[in-house]
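Please read these notes with the sequence and the model open side by side.

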Amino acid sequence: MISMIRSNPRRDVASRRVSTRLDARITDLRSVVPRHQSSSVFASMFGTNKHEDAAELFERAAIRFKLAKLWSRAADSYDCLAECRAKTKETHEYASACVEAANMLRKCEKYESACARYRSAARAYAELGRFSQRGKHLKEVGETYESIGKEDEAIEAYGEAASAYEGEESARTTRNACQLKRAALLANRDRFEEATEIFEDVARASVDNNLLRFSVKGYFLQAGMCRLCWCDAVGVLNALERYDERDPAFPGSRERDVLEKCARAMEDGDGDAFSRAVAEFDSMSRLDAWKTTVLLKAKKRIEAAVREEEDDLT
């Protein structure tokens with residue numbers, strides 16, 4: 001449909017004319033649908049089913065604006081549609097309109113407003129007892145904030161999403177994904193103890209699941225890397241023993257080997273040994289940007305400890 005509008009000049013002009021008329025109609029309706037006008041005025045325009053009739057017009061307008069890629073106007077129309085659905089107490093339809101408004105607002109880079117609409121939808125789905133849907137839209141809040149670098153807000157939203165998925169057995173993988181995102185962002189903010197706890201919790205929850213247990217070594221690796229940034233060497237080595245007990249595949253694995261070598265290097269204050277252990281692991285299992293950053297922070301701890309010891313000696 002969009003390609004047809006683009007390729008036909010007459011239709012393109014007609015589409016703009018329709019959009020202009022619809023925009024003017026929305027301006028008229030906005031003074032009627034919201035709170036400020038009397039119901040008698042609306043009744044004279046639409047009769048007894050005033051909000052249903054207005055909702056139909058707003059939905060048509062939203063679709064037209066969407067086809068024309070007029071995202072801001074489409075968002076405005078979906079907002080008005082949501083107001084109508086709220087008036088008629090159609091909670092599911094209200095939530096759907098809020099989500100559509102949020103999607104349009106993201107397209108025109110109005111991210112804070114988009115997150116507010118996703119949260120409105122999430123609250124509505126909670127009222128309906130649809131917690132997976134609530135979690136889905138809170139996750140979208142987290143993703144939106146993460147995309148614009150607002151990590152603290154993203155951490156909060158991912159945590160709320162994970163809580164919404166709790167108890168939904170079919171959504172365990174999605175819940176884990178939210179928790180893992182949250183933990184990674186916590187580590188970015190140097191909140192390593194909290195990140196460690198989440199990685200370990202996800203690993204423990206996954207070890208008995210046939211679909212998830214193959215990822216457990218990776219979760220323990222991330223947890224161990226975070227431990228290297230806040231815990232002493234003995235604490236890291238003790239944690240590795242606990243990981244051995246939890247996951248039969250962990251002892252003898254490359255993940256365990258690199259963590260133990262890094263902990264020993266930390267214990268000895270040997271930054272070169274730490275770097276060799278990391279390089280050896282990277283040659284077999286490529287480290288991503290997040291793991292590399294965390295390990296660099298861990299190495300800086302070793303270097304700082306060595307400098308402090310040298311200062312004490314002088």
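1. Of the 314 residues of the chain, 41% count as buried, where buried means under 20% relative accessible area, exposed over 50% and partly exposed in between, with a 1.4 Å probe and protein chains only. This is a predicted model, in which local features need pLDDT of at least 70 and side-chain atom pairs count only at pLDDT 80 or more, while totals for chains, interfaces and linings use all residues. Residues are numbered from 1 along each chain as its sequence is written, and side-chain values use heavy atoms, with hydrogens and water left out.

2. The secondary structure comes to 16 helices and 0 strands, taken as DSSP runs (H or I, at least four residues, for helices; E, at least two, for strands) and numbered from the N terminus.

3. The axes of α9 (residues 151–165) and α10 (residues 172–188) come within 8 Å and cross at roughly 155°, the axes being lines fitted to C-alpha atoms over the stretch in contact, with angles from 0 to 180 degrees between N-to-C directions. The two helices are therefore roughly antiparallel to each other, a term for angles over 145 degrees.

4. Lys 89, in the loop between α5 (71–87) and α6 (91–107), has a phi near 60°, and at 71% relative accessibility Lys 89 counts as exposed. Asp 190, in the loop between α10 and α11 (192–206), has a phi near 65° and counts as partly exposed at 48% relative accessibility. Most residues other than glycine have a negative phi.

Methods
Parallel < 35°, antiparallel > 145°, perpendicular 65-115°, else oblique.
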